Amino acid sequence: MTIGRTQTVSLQGLLGSVIDIECDIADGIPMYSLLGLPDTSLQESRDRVRAALTNTGQRWPNKKVTVSLSPAWLPKSGPGFDCAIALALLIADGTLPQGPLEGFVILGELSLDGAIRPVRGVLPSLIAALQQGITRAIVPRANAQEALLLEQMEILSFGHLFEIYRWLLTGEFPVADELAIEVETRENDLDFSDVAGQVRSRFAAEVAAAGGHHLLLIGPPGAGKTMIASRIPTILPPLNEAQALEVTAIHSIAGGLNQRSVMSRMAPIVSPHHSASRASIVGGGNRSILPGAISLAHRGVLFIDEAPECAMGTLDALRQPLESGTITISRQVGSVTFPAEFLLVLAANPCPCGKFTGKGLACTCTSLQVRRYLGKLSGPLMDRIDIRVQVDPVGRVELTAPDLGESSVAIRERVIAARTRAALRFNNYPWQLNSQIPARALRGDFSPERAGSNFLHEELDRERITARGLHKVIRLSWTLADLAEHQRPTLADVKQAFLLREGGE
Amino acid sequence: MDPRDARLLISAHYEAGAPKVAHDIATHGLAEVVAGIPSAQRANLTEIYQSMKSCGGELLIPEDRQWPESLNELAVPPLLLFVKGEINLLSEKSLAIVGTRNPTPYGVRTAQDFAAGFVDREWAIVSGGAYGIDTAAHRGALIAEGATIAVIASGLDSAYPAGNQRLFDEISESGALISEYLPGVTARPHRFLVRNRLIAALSQATLVVEAAFRSGSLRTARDAAELMRPVMAIPGPITAPTSEGCHRLIGERSAELVSSVADAYELLNTLA
């Protein structure tokens, strides 16, 4: 008997390692041993593989079966190895030839009847395989669309073990049907023209998108905070190919591709509920470390509604990723780094009961309650929020006016133009967005026009802003200048930025 | 009996702002009222003087030359005042600035600007030392290097809110921190309302910057109106609940609408 060899990929976060699977069938007491630090879900593959093989007409070798996964030191997890193990076993058994499977990585979970079920993380697995010089892959049919994003690879997709047998034995390839069905997503339905009125919040959203400035929306329930936030991805520039792959890869690991089309170039939006745990926001997990909301929102928008209701510490966990754009999660199985560059959008009611609006007669909150409520947001997190905008309830006329507001397409054009101007300016610098200009540069090359600087220094003298606030105003004024096509922020840009920052007017 | 001792004993026994005590003093005199306190319940004067000294306050009574006359117009004038800081400041021209503890940036800016503007015109500022508009008013005055008076609703040793302790320290250095409560008395909700009458009486005029529908600062405005002192209010957007109290005062003709420091200054000059 020969040794059956196949290859698959094991993921740690976004990074993958190619795993060599060897299967040996030897005389001895019938048994099955799986070597190479498998976890429980991988141990269970024995029963799935056995059932799948017998149910597809193969004979289970009543001998001593040894399956080795190498490198052996790497802890491995998940059901994605099933298909590769089954094929290695059949090669060792002599049922299938080894030759045609050389140079393939094989991904797929088996169902008991031999159908090949989709797995998480196909895209990052294939990227890892490609980086290690493997150019051919067998993937579950349901993951085919995702896998085909990697045009440099030859992708074969199968829905059932039978199809693989037939292909290996006769060379006949199954006709891939229903492959090109684009997943319907709601992202196409949203448009800024749905938002009635709200001139100020719309503008704030546009500025946030253009400069990458984090945003806080404060307003009573029903004023349209969620509506505005959920439309911000529609005015962000579309992702380029590399970014789209990156985003799809993260969503693939988290198993979230049924909500997001794999081909989507739209910036993602993730809105965790305010009861979300810290691990679900930043990422975590025991055996396999999964990305959290902040990584799913990578290159897109993280929207937290009712932010003051979040548990203590949840929001503060955002501070470090906001600063570094990545999150490193360390667990017993190892430590994993996910990217997390997102635009943070927080929404809050004006007070715990939410009725402190208009004449404020219905509000039952005490002064202390109100202060504590919004106080939960204060401190270091608020230091990273550049724009704070009051969302007032929509007026009667605005609500019934027949003409729609400006559409996302028009706003997005301006955002793209502004980002292009910024990108040209930052050609020789390591940052891309106005919100990322370091304080040092704001005092040097990136100071506003003289009159604007003077205005800010006056405000500083009168203690109306802090030094940190001053920097935020300047960054914001650069975005306003980009939107208005000014070479350098003018006094008017600076004043407008000042108002946007503090939410006044 | 020394009027200082008498007033301290009465203050220690009765809650400040009680109309009956004020009435009794006015009709029967201090000695009579002191005699009405059972000797077993009389406070230890040495202790009071001691605690006053340790918190750095001075005692000011109506019999003193420096007593601000304007307080005597009150129906229930204070029995005494503890002052930490510049005593002579109390008799100077001053503007009270009051408002909500949860202001918007607009309110904070306006309060600071008006405080600074009046300080530039040689007025002192009077406010209550609370968070929000009070703090903004004191800050504005301090930034403009002017004098500001904080009238607090607890003993000078435990000025409330504790989070403003640094502000209180600054105020007592260049302005005055005053209270009609003995050291050791803590802040209680009703004491804020009683205290508000002092803010209204001590100043020549009152400015309400931002006040919600239910707000203690409206009480200050009414106290000022009862004393026939001018009351002014800053308008806000009609959609802003934080300006609703101001709009009500303006709507009821209890307050004059002012929209700039110059406006307010001119208004006060024509009335004076």
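**Helix 5 of chain B buries Tyr106(B), Gly107(B), Val108(B), Thr110(B), Ala111(B), Gln112(B), Phe114(B), Ala115(B), Ala116(B), Gly117(B), Phe118(B) and Val119(B).** The model is predicted: local features require a pLDDT of at least 70 and side-chain atom pairs count only at pLDDT 80 or more, whereas totals for chains, interfaces and linings use all residues. Residues are numbered from 1 along each chain as its sequence is written, and chains are lettered from A and ligands numbered from 1 in the order in which they are written. A residue is termed buried if 20 or more other C-beta atoms lie within 10 Å of its own, exposed if 12 or fewer do, and partly exposed in between, with C-beta atoms placed from the backbone. Helices (H or I, at least four residues) and strands (E, at least two) are DSSP runs numbered from the N terminus. Helix 5 spans residues 105–120 of chain B, and 12 of its 16 residues are buried, so that the helix is mostly covered. From first C-alpha to last, helix 5 of chain B reaches 22 Å, close to the 22 Å expected at 1.5 Å a residue; the expected span is 1.5 Å times one less than the number of residues. The cover over its buried residues includes strand 3 (94–98), strand 4 (124–127), helix 6 (133–143), strand 7 (205–208) and helix 11 (261–271) of chain B. Helix 5 of chain B is followed by Glu122(B), which has a positive phi near 70 degrees.

**Strand 7 of chain B is buried on both faces.** Ala205(B) and Leu207(B) point one way and Thr206(B) and Val208(B) the other, and all are buried. Strand 7 of chain B pairs in the parallel sense with strand 3 of chain B over 4 bridges, where two strands count as paired if DSSP finds at least two bridges between them. Within that pairing, Ile97(B) stands opposite Leu207(B). Strand 7 of chain B is also joined to strand 8 of chain B, by 3 bridges in the parallel sense. There, Met232(B) is the bridge partner of Leu207(B).

**The sheet of chain B is open and has 9 strands.** Their order is 1-2-6-5-4-3-7-8-9, and the pairing is mixed. Strands of a sheet pair through backbone hydrogen bonds, either parallel or antiparallel. Strand 1 (58–60) and strand 9 (256–257) of chain B are the edge strands, each pairing on one side only. Strand 8 (residues 231–233) of chain B runs parallel to strand 9 of chain B, and 2 bridges join them. Met232(B) stands opposite Glu256(B) of strand 9.

**Chain B as a whole has 11 helices and 9 strands.** Along the principal axes, the C-alpha atoms of chain B fill a box of roughly 60 × 35 × 30 Å. Of the 272 residues in chain B, 53% are buried. The average pLDDT of chain B is 93, and 100% of its residues score at least 70; pLDDT is the predictor's confidence in each residue, from 0 to 100.

**Helix 3 (residues 82–93) of chain A is largely enclosed by the rest of the structure, because 12 of its 12 residues are buried.** Among these buried residues are Asp82(A), Cys83(A), Leu87(A), Leu90(A) and Asp93(A). Helix 3 of chain A reaches 16 Å from its first C-alpha to its last, close to the 16 Å expected at 1.5 Å a residue. Just after the helix, Gly94(A) takes a positive phi of about 90 degrees.

**A parallel open sheet of chain A has 5 strands in the order 11-14-17-10-18.** Strand 11 (269–270) and strand 18 (387–390) of chain A stand at the edges with a single partner strand each, so one side of each is left without a neighbour in the sheet. Strand 14 (residues 301–304) and strand 17 (residues 343–348) of chain A run parallel and are joined by 4 bridges. In strand 17 of chain A, Leu344(A) stands opposite Leu302(A).

**The contact between the chains takes 17 residues from chain A and 14 residues from chain B.** Two residues are in contact if their C-beta atoms, placed from the backbone, lie within 7 Å. Helix 13 (residues 367–375) of chain A supplies 3 residues, the largest share of the side of chain A that touches chain B. By class, that side has 4 nonpolar, 6 polar and 7 charged residues. Ala, Val, Leu, Ile, Met, Phe, Trp, Tyr, Cys and Pro count as nonpolar, Asp, Glu, Lys and Arg as charged, and the others, Gly among them, as polar. The model scores ipTM 0.73 and pTM 0.84.
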